[in-house]
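Let's take a quick walk through this structure, with a stop at the ligand and another at one strand.

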Amino acid sequence: MISNFSKYCRQFEEQCRNYLGVNYALSQSNATSGLLIATRALGLTGEVITTSFTFSATIHALSWNNLTPVFVDIDPETFNLDPKGIEEKITPRTTAIMATHIFGNPCDVEELECIAKKYGLRLIFDAAHAFGSQYQGKRIGGFGDVEIFSFSPTKLLVTGEGGLMTFNNLTLLNSLKIGRDYGNPGNYDCQYVGFNSKMQEFCAIVGLQLLPTIDEQIRNRNRIRELYIGHLSTLRGITFQKIKEGNLSSLKDFSIIINPSLFGMDRDTLVACLTAENIHTRNYFYPPIHQMTAYANFRLLYEGKLPHTERIAKNIICLPMHSYMSEDTIIKIYRAIARIQEYAVEIIAKRGV
Ligand SMILES: *Cc1c(COP(=O)(O)O)cnc(C)c1O
């Protein structure tokens, strides 16, 4: 058996359930299909409050289900959906909140759960980045109605392609479970329009190998973050994503925010200079969803209305980060950035910007 939830998929699910401390863990072919299925299985309609500062798949899952995303600005310190902006956006058509733990930094889970409860909304977490993250000492995975993890190539736990849906509520088990198997409960009388989102045994085997390394990887990444911040905070015009007291981020990515006037040049010029130094970075998440071609219909609607999202998306750089990076490498990257800043005026004159 190389698919259809055989031995290794079941083992992987069980070990994830134990690690995350949740009642149910359903493996998926990837997180995008997991998000699609969760959204469909929960029977959402109308509008879903969410963030424009996320990976495309969060919003694609809503769009594939004919739901309208309603964007609320992010907290400028944590980069996560800001609970303070939500209530004023709730209408009679709102049925859910979908939030992303950005780069593994846990959302304001309690505030979001409180709002969802008050207005009778479903709460889904895109936990693609957050495997191993902790909110106030508790692992991400059991919050809201359902959380969805990704095991695709840029994440910490990589199974090739893969995902995981986790939750605690028994009443959701049947509909979420059959969703990844075409909506088929076993007798081919499909209960709703499901999907094929089955994890393959090969992927589960890889996941089983890597799962025991996750805590060490996260410890290392948090140490790497401290080293980066220690060096980079000596430079003008750089700030960092805030991880709130008591929370642990998986640090899927380590980001910096450039203040162009203080730093001496804009993000894109710095990225070009770093690339010339053979230091490869990512502009996650730029463009934000409402500025993407695929979502051009939202561009006018939201232009200027999500100031923190737009400023952070425009000025963010994710620096090189892997779980076994040496201090030497970090210092090299810091020195390159310091040197680029030192020569900012000359570089800009030469580039003709
Ligand atoms: C990677 C990612 C996804 C999609 O995960 P896949 O497993 O590649 O489908 C969804 N949301 C976020 C925030 C992601 O970073």
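A backbone N or O atom of A31 lies 2.9 Å from an oxygen atom of the ligand. Two side chains make polar contacts too (pairs of N or O atoms within 3.5 Å), and here they are:

| Side chain with the N or O atom | Distance to a ligand oxygen atom |
|---|---|
| T32 | 2.5 Å |
| H129 | 2.6 Å |

The protein covers 92% of the ligand's 380 Å² of accessible area, the figure the ligand has on its own (Shrake-Rupley method, 1.4 Å probe). This is a predicted model, where local features need pLDDT of at least 70 and side-chain atom pairs count only at pLDDT 80 or more, while totals for chains, interfaces and linings use all residues. Residues are numbered from 1 along each chain as its sequence is written, and side-chain values use heavy atoms, leaving out hydrogens and water.

Who else is around the ligand? There are 15 residues, and T32, D126, H129, S150 and K155 come nearest (a residue counts if one of its heavy atoms lies within 4 Å). Helices α2 (31-41) and α3 (56-64) each give at least two residues to this shell.

Now for strand β11, residues 254-258: is it buried or exposed? Buried: 5 of its 5 residues are, with buried meaning under 20% relative accessible area (1.4 Å probe, protein chains only). F254, I256 and I258 are on one side, S255 and I257 on the other. Strand β10 (238-240) runs antiparallel to β11, joined by 3 bridges, and F240 stands opposite I256. Strand β12 (316-319) is also antiparallel to β11, with 4 bridges, and its C318 stands opposite S255.

Key:
Buried means under 20% relative accessible area, exposed over 50%, partly exposed in between (1.4 Å probe, protein chains only). Two strands pair if DSSP finds at least two bridges between them. A polar contact is a pair of N or O atoms within 3.5 Å; within protein, one must be able to donate a hydrogen and the other to accept it, and residues adjacent in sequence count only if both atoms are side-chain atoms.
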